[in-house]
Each structure stands twice: as structure tokens, then as C-alpha cells.
Number of protein chains: 12
Amino acid sequence: MAVARVTELVAASPVSFDDAIRKGFERAAKTLRNITGFHVTEWRASVKDEAIQEYRVTMRVTFLLEDTL
Amino acid sequence: MAVARVTELVAASPVSFDDAIRKGFERAAKTLRNITGFHVTEWRASVKDEAIQEYRVTMRVTFLLEDTL
Amino acid sequence: MAVARVTELVAASPVSFDDAIRKGFERAAKTLRNITGFHVTEWRASVKDEAIQEYRVTMRVTFLLEDTL
Amino acid sequence: MAVARVTELVAASPVSFDDAIRKGFERAAKTLRNITGFHVTEWRASVKDEAIQEYRVTMRVTFLLEDTL
Amino acid sequence: MAVARVTELVAASPVSFDDAIRKGFERAAKTLRNITGFHVTEWRASVKDEAIQEYRVTMRVTFLLEDTL
Amino acid sequence: MAVARVTELVAASPVSFDDAIRKGFERAAKTLRNITGFHVTEWRASVKDEAIQEYRVTMRVTFLLEDTL
Amino acid sequence: MAVARVTELVAASPVSFDDAIRKGFERAAKTLRNITGFHVTEWRASVKDEAIQEYRVTMRVTFLLEDTL
Amino acid sequence: MAVARVTELVAASPVSFDDAIRKGFERAAKTLRNITGFHVTEWRASVKDEAIQEYRVTMRVTFLLEDTL
Amino acid sequence: MAVARVTELVAASPVSFDDAIRKGFERAAKTLRNITGFHVTEWRASVKDEAIQEYRVTMRVTFLLEDTL
Amino acid sequence: MAVARVTELVAASPVSFDDAIRKGFERAAKTLRNITGFHVTEWRASVKDEAIQEYRVTMRVTFLLEDTL
Amino acid sequence: MAVARVTELVAASPVSFDDAIRKGFERAAKTLRNITGFHVTEWRASVKDEAIQEYRVTMRVTFLLEDTL
Amino acid sequence: MAVARVTELVAASPVSFDDAIRKGFERAAKTLRNITGFHVTEWRASVKDEAIQEYRVTMRVTFLLEDTL
């Protein structure tokens, strides 16, 4: 039986929350193997000069530890 | 005065969170009459082979009990 | 150092959650200066005649108090 | 040993929170046997034309499943 | 589509929680137009000389912003 | 400056939540001096033979420690 | 894509928490098809005559709705 | 109608969580009469030299106040 | 009996959390009369170039509404 | 293996939060033996005449029960 | 004074929750030195073909950073 | 747009909470580049021989992942 680890990321996009999630997942997949899923726990935005500058999501990413597979 | 019930669903879509919500609502509306609203309480995704496989939302659906209308 | 205030809004859209957030932010930006960001804390929808009538988000908007800048 | 189920209701009354609880309990008792208790978890009111229109309580009702008695 | 604001009050009464809620709502209705509802989130009492002095409720009041109607 | 202690009670009444609170406060005042207030944190009821048997409140009672006055 | 429902049970055993979970799962499996998992959210015990009478767990059981498979 | 008090314990065992609960309950029953139940709210373990040293549970024990029986 | 309002601030200081609280309170006292207290609910810091740049506290300030005194 | 109890205090100081914690700990240590630690869970202040009157902390103090040592 | 890190794992076992905890701890101890304890924060199970397939616990493991000892 | 990671530390000091935070931040800054901030989420103390032995803070530190800058 595998053991998984959970790591927390904050990903951002100037376009949308969906794009921020995609960016966060792509970055996670670049260094973590065996990702099994993620949980979006916070939805924020930063604002500058009266415009939304960045959509930001907090993501908790779960991935299996290789040696336990 | 009506009495409502709250039921909890988990709906999934390979496309997006918005699509998962739509699917969950459509399924709820198929068997429940007099839905008055819903609340999305969790946003998760399952991942397989380094790609997002399913977007999953937890929805709490409220509907009026017919005999109390 | 500036002091900021946090105010809570509920914004709605017949189209989508993204549109509700945009509407909420536009309304906030109309009367509040120096908004630095917002946090979306609740995602709900109202339903009528078996169709989603309004997507509703609760937003906590942070803005700097002018005299502290 | 019995197994119980927990179901969530939202009950309303134009008179008071106490009356809303009574209405919710009466409706629950009409279709559920072997209720052992309930928990009031939310207290809200709807307002129209500057008057309280409905007191609304969220109730989590617990009842024993017959075949487990 | 309207945008609403949520404001938090603490109302008190020497008589009962119900009376405290009524007082809080009356005060809110005096300065806020278009109140659509409220949520009672805390129930406290202050005590002096071995008697309940004040019943105190925390209320989150929601009202529509005029210009968005 | 005084130091206070917080103690948790569960009080019950066959009549109403208000009466349960009164009973809990009276019992607390019988053995604790210098009570400064209480916080009602849970509202439950037990049911028997399709009738509400007891209204039960959880109360957190704060009282000053005598030697710190 | 399937839609799942979440239902909440309280299961009890005079022997242990593990046995209570087993009893709750067996009862759930008797009437619900396509259970995919459960979440144990509360661990309580009732006591009588200075002995533990029942171990009680609150379980949130998830099952797929047949027509969505 | 009786009034109950809730007291919080942390109990430990080198053997297992079940044993820690038993130890906590036995200690509580030694000085408290009329215990009606308990709630296990936290599950922790301390580790030393790469071995689990103690399983520790936080228990909230409820007991009836004698004079209210 | 007075009715109070609760407003949320975020105050910052380059020196310490204590100083941030002081700054937040001073700013609040400049425009709000009859403040009765505040609650510090979040403690954060921003960092730049490997040094703490600002200590930031979220404060919920309670003040009595004049016309209810 | 020892069993510990957790008790909740509210301690106050006109000087600072740190001083309130010290006062609360000193008072606890006067009547409780074998304190193993404490947890500060709330940070509040009372205000009078536009000045901070008291810094108040809620502390949960853990101490070992003598007979279990 | 040492600084510790907290890492989150999800461990599974086909046998029991106790076994899942043991497996999670063993895996953690394989790569982390100076573990001082862990906290079990979630208890779930996956189900397949009407049988419990895996007991799954979420564990937050604390370990001292070597260079701070 | 950068992606950040959040890591959780527990830092301790025999002197004060402020010093514990400083120690935690210094240790974090030793191995993590591009820290953007931290959030203090728990405030505890360990006690020995009737004296505070260590002030302990739980800190959630956010830092940008280099390759995303």
C-alpha cells in the first residue's frame, strides 16, 4: 500500500482562477511524480490601479511516494 | 411556510469545475423538485498519468418538501 | 505604514461565478479607492423553475485607508 | 445496536425561531420514525419591506434505522 | 443584478435573546435600506451581581446597494 | 487585574431553550461566584415517542477567580 | 461521469470504535449500492453505571447514483 | 432536569489509541460520578528514537452534577 | 441598550506585531467613537530581500453606535 | 502513563499581551501543580475613553493529574 | 533551541486504521530523522465491490531540523 | 507568473514569542530563497518546574519557486 505526501502551493494567473489552477498543476507536475489529485482551498485576487492583477489559488497537491508503490 | 431539505452531492467533469457544477445540478434536478439553490463547498481534482482526469465539486442542494408548500 | 479595511460583499450574476466576481469587483471599485485585493469565501447559486437563476459569491474586499498612505 | 441517519432540514416561520424549530420538527416527525434528537446549527432571517418575513433554522435531525432496532 | 453588502452588529437586551435580535434589526433598519436578511452567529450574555444583565447577539446583516438595483 | 476561568456546562429543560439557559445559569450561580458572562455554543434537543423531551444548550461560563480581584 | 451522494450515519457498538465503523458500513452496504468510500468525522462514547456502554462514530458515506454510471 | 459539566483530559498509552482512551476513561471515572459520555477530539502520538513512545487522545468527558439529579 | 458595530482592519508595522496593533487601534480611534474593544484574529508578516518588511495583524474592532447610547 | 487535564483561563493586563500571558501563567501555577504547557487561543483588548484598558488572552493550560504520575 | 518542520502524509492499509498509522509512521521514519510526534487529522476508507478496500489516515508529522539541534 | 510553496515550521525560544518567530524566520531564510511572507497560526508554551521553558509558534512560510520567476 502506497504512502502519499500532501504539499501546498499558491499559483497565480493574470487571466482567471481556472488558468491559475492550470499553472499550479503544471508546475507541480514538473517536479512531482505520481500526483493523484489536488484540492483548491483558497481563492484570492490581488488588485492594482483598480484592475485585477492576479487570480491566486491555494492548492493542496497529493502525490504517491515512489518507493511505496 | 415551507420546510426544505439539504442533500449533499459530489459531481465530476473531465472538462472544468463549471461543467462539474452543471452536471451535478442537472442530475439533482432530475429527481428533486422545487430546488431553491445550492452551495459549492469543496473543489478537488483527480489526476492520472500527469493529466487532470476529473474536476470534482461537493454541492449542498436545498429543495422544498412538496407537502409543505 | 498604511492601514487597510476589509468589507464583505455578495455579488450575483445570471451567467457564471466568474461574472459574479467581476460584477462584485466593479461595484466595489466604484466607491472604494486603493483596493489591494479580495478573497472569495462562498460560492452559492439560487435556482428557480429548475434553472440556475443567479450565481452568487461572497467576497471580502481589502482597501487601504487614504489618510494612512 | 442500532444505526442512525442524520438528515438536514431548513424550517421557517413568520413568528419566531422557536416556532420555526417546532415546524421543522413536526414535518420531520411526519415522515421519519424513531427520531432521537436534533441539532440547530444555523439561525437566519429573511427581511422584506423593512420587516422580518421569516425566521429560518437549519436543523440536523437524527433518527434510528428501523431494521437495526 | 444587485450587489449586497454584509455588516456585523452586536445587539443587546436586558429581557431576552429574541428581544436583542429585534433591537439589532430595528437599529439596522433605521440606517440601512433594502435589508434582505440577517444571520445570528453568536449568543452571549453578560452577568452582574449574580443576575443576567444583558443578552447579546452578533448579527450579520445583508442589504442591497441601492445603485445596483 | 483579575484572572477568569471558563467552565463548560450542558443544561436541559423540557420547556424551551430559554428555560434551559436559565436553569444552566442558576446552577452555575449556585457554586460559582463572580460570574461575568456566558456564551451559548450548541443548541440540541432530545426526542422520545415523537415528542421533544429536552431542549439542551452547551454554555461556556466565565467567572473571576476570587484571589485575583 | 458519475454523480455521487453523501449520506451521514451514526453507528454504535458495545465493543470498540472499529466494530462501530464495521457495523455502520455493513448497514450502509445493505441499502446503498456503489459505495465508494466513507469519512469518520466524530468519535464519541456513551457511559452508564461507570462503564462504556456504546462506542459511536459519525460516518459520511459516499455512493454513486446508479443512473449516472 | 439535570445539569452536566464537560471537562477536558489528555490521556496517553504506550500501547495504542484504544488503550489511551481506556486509561483516560478509568482515570475520569475514579473522581467523577455520573459520567454520561465522552468525545475524542484529538489523536496524537509522541515519538522518540524512531519509535512511537505514547499514543495521546484528547477527551471531553461529560458528567451530571449530583445536586441536579 | 446600545447596539455596536464590528469593523475589520489590517494594520502593519515594520517594527513588531505589538506596534502594528497600536497603529491599527490609533487609526480606528481617529474615525470611530465609542470603541469598546478589539480582537486580533490573524498574525502575518511580509518578507522582502530576506528580511521581515511588515508585521500585519487583522483586527476586528467593536464600537457603539452613538444614537443607541 | 499520566493523564492530564486542560483548563481554560482568561488573563488580563493593562500593559501588553505578553504581560497578560505572564499573569495568567502565574495565577495558574499558584493552584495547579505539574503544568506541562499552555496554548494561547484568543487575543482581545478592551477599550475605554479612547485608550486600551486591558489586553486579554484566552489560555488553555494543561497539567498532569498527580495520582497518575 | 531547535526548529521543527511539519509534513503531511496520507497512509493506507487494507487491514485497519491502526495499521495505516503504523505504515505511515514507518515510511516517515525511513526518510526523516528526529521525528518528535504526529497528529492524525483525517480518517477515511475507500470501498470497492461492497468491501472496505483501504483504511486511510492523514497524518501531520513533526521532525526537528538537524542543523538546529 | 510565479508559483509559491507553503511550508510549516514550529519554532521555539526560551525568551518570548517574538524571539521564537525571529528564530523560525532566520532558520527558514537559511535554506529557502524568495520567501514572501509567513503566517503565525499557533501560539503555545511548554512548562517545566513551574517556569515557562519554551515559547513555541507554528509558522506557515510562503516562498516563490525559483524556476517560476
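The legends below accompany close-up views of a predicted model.

In this predicted model, local features need pLDDT of at least 70 and side-chain atom pairs count only at pLDDT 80 or more, whereas totals for chains, interfaces and linings use all residues. Residues are numbered from 1 along each chain as its sequence is written, chains are lettered from A and ligands numbered from 1 in the order in which they are written, and side-chain values use heavy atoms, with hydrogens and water left out.

**View 1. The relation between chain K and chain A.** The copies use different surfaces, as 7% of the contact residues of chain K recur in chain A, contact meaning heavy atoms within 4.5 Å.

**View 2. The interface between chain K and chain A.** Here 14 residues of chain K are in contact with ten residues of chain A, and the area buried between the two chains is about 970 Å², of which carbon and sulfur atoms give 52%; buried area is the accessible area (1.4 Å probe) that two parts lose on being put together, summed over both. In chain K, the residues that lose the most area to chain A are E8(K), V10(K) and R27(K), which together account for 51% of what that side buries.

**View 3. The salt bridge between R60(A) and E8(K).** The closest N and O atoms of R60(A) and E8(K) are 2.5 Å apart, and the count between chain K and chain A is one salt bridge, defined as a side-chain nitrogen of Lys or Arg within 4 Å of a carboxyl oxygen of Asp or Glu. On the side of chain K that touches chain A, two or more residues each come from β1 (3-13), α1 (17-31) and β3 (51-64) of chain K, with the largest share, seven residues, coming from β1(K). Helices (H or I, at least four residues) and strands (E, at least two) are DSSP runs, numbered from the N terminus.

**View 4. E50(F) in a loop of chain F.** E50(F) is found in the loop between β2 (35-48) and β3 (51-64) of chain F, and its phi is near 60 degrees, a positive value in a residue other than glycine. At 55% relative accessibility E50(F) counts as exposed, the classes being buried under 20% relative accessible area, exposed over 50% and partly exposed in between (1.4 Å probe, protein chains only).
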